[in-house]
Amino acid sequence: MTDPLASWWRWPMLVARKIGDGPYGPAHAAPVEVLGKVTAKRKKVLAPDGSEVISEARVSMAATTELIPPGSLVTLPPEFGGRTAEVLAEQLHHDGAGRTPNFYSVDLT
């Protein structure tokens with residue numbers, strides 16, 4: 001089955017997934033390139049610990065994207081400042097009935 005939103009995933013980003021905590025702080029896997037849609041919009045989101053935090057951007061990707069846990073690092077394209085942001089929250093958007101396209105998103109600092 002093809003992804004009906006494939007044309008939306010245009011922006012290349014580098015994603016360094018958090019793999020744990022080491023003696024000097026969080027440990028991350030080597031960065032990999034992921035294509036997505038960037039929405040630069042400030043909004044309030046819930047962090048994994050239940051606290052409310054402010055997200056500065058959201059990246060939406062194909063629903064089949066390997067999960068990107070909170071604490072991972074995402075480097076945005078130069079057109080969005082090229083900054084490296086931390087993942088605050090992640091969501092899989094899946095209606096279960098096939099009425100809307102499924103996708104995955106992460107909210108960033």
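Which residue takes a positive phi near 90° in the hairpin of β5 and β6? Select G50, which has that phi in a hairpin with five residues between the strands; strands here are DSSP runs of E with at least two residues, numbered from the N terminus.

The model is predicted, so local features need pLDDT of at least 70 and side-chain atom pairs count only at pLDDT 80 or more, while totals for chains, interfaces and linings use all residues. Residues are numbered from 1 along each chain as its sequence is written, and side-chain values use heavy atoms, with hydrogens and water left out.

Next, show the barrel, in which six strands close in the order β1-β4-β7-β10-β9-β8 with antiparallel pairing. To follow one of its pairings, select β1 and β4, which are joined by five bridges, and pick out V15, whose bridge partner in β4 is V32.

Then select L76, which touches M13, V38, V59, G82, R83 and L108, not counting residues up to four places away in sequence; contact means heavy atoms within 4.5 Å.

Finish at T65, in the loop between β7 (57-62) and β8 (73-75). T65 is buried, with a relative accessible area of 15%, where buried means under 20% (1.4 Å probe, protein chains only). Leaving aside neighbours within four places in sequence, T65 is in contact with R17, V34 and Y104.

Definitions and conventions: Helices (H or I, at least four residues) and strands (E, at least two) are DSSP runs, numbered from the N terminus. Buried means under 20% relative accessible area, exposed over 50%, partly exposed in between (1.4 Å probe, protein chains only). Two strands pair if DSSP finds at least two bridges between them.
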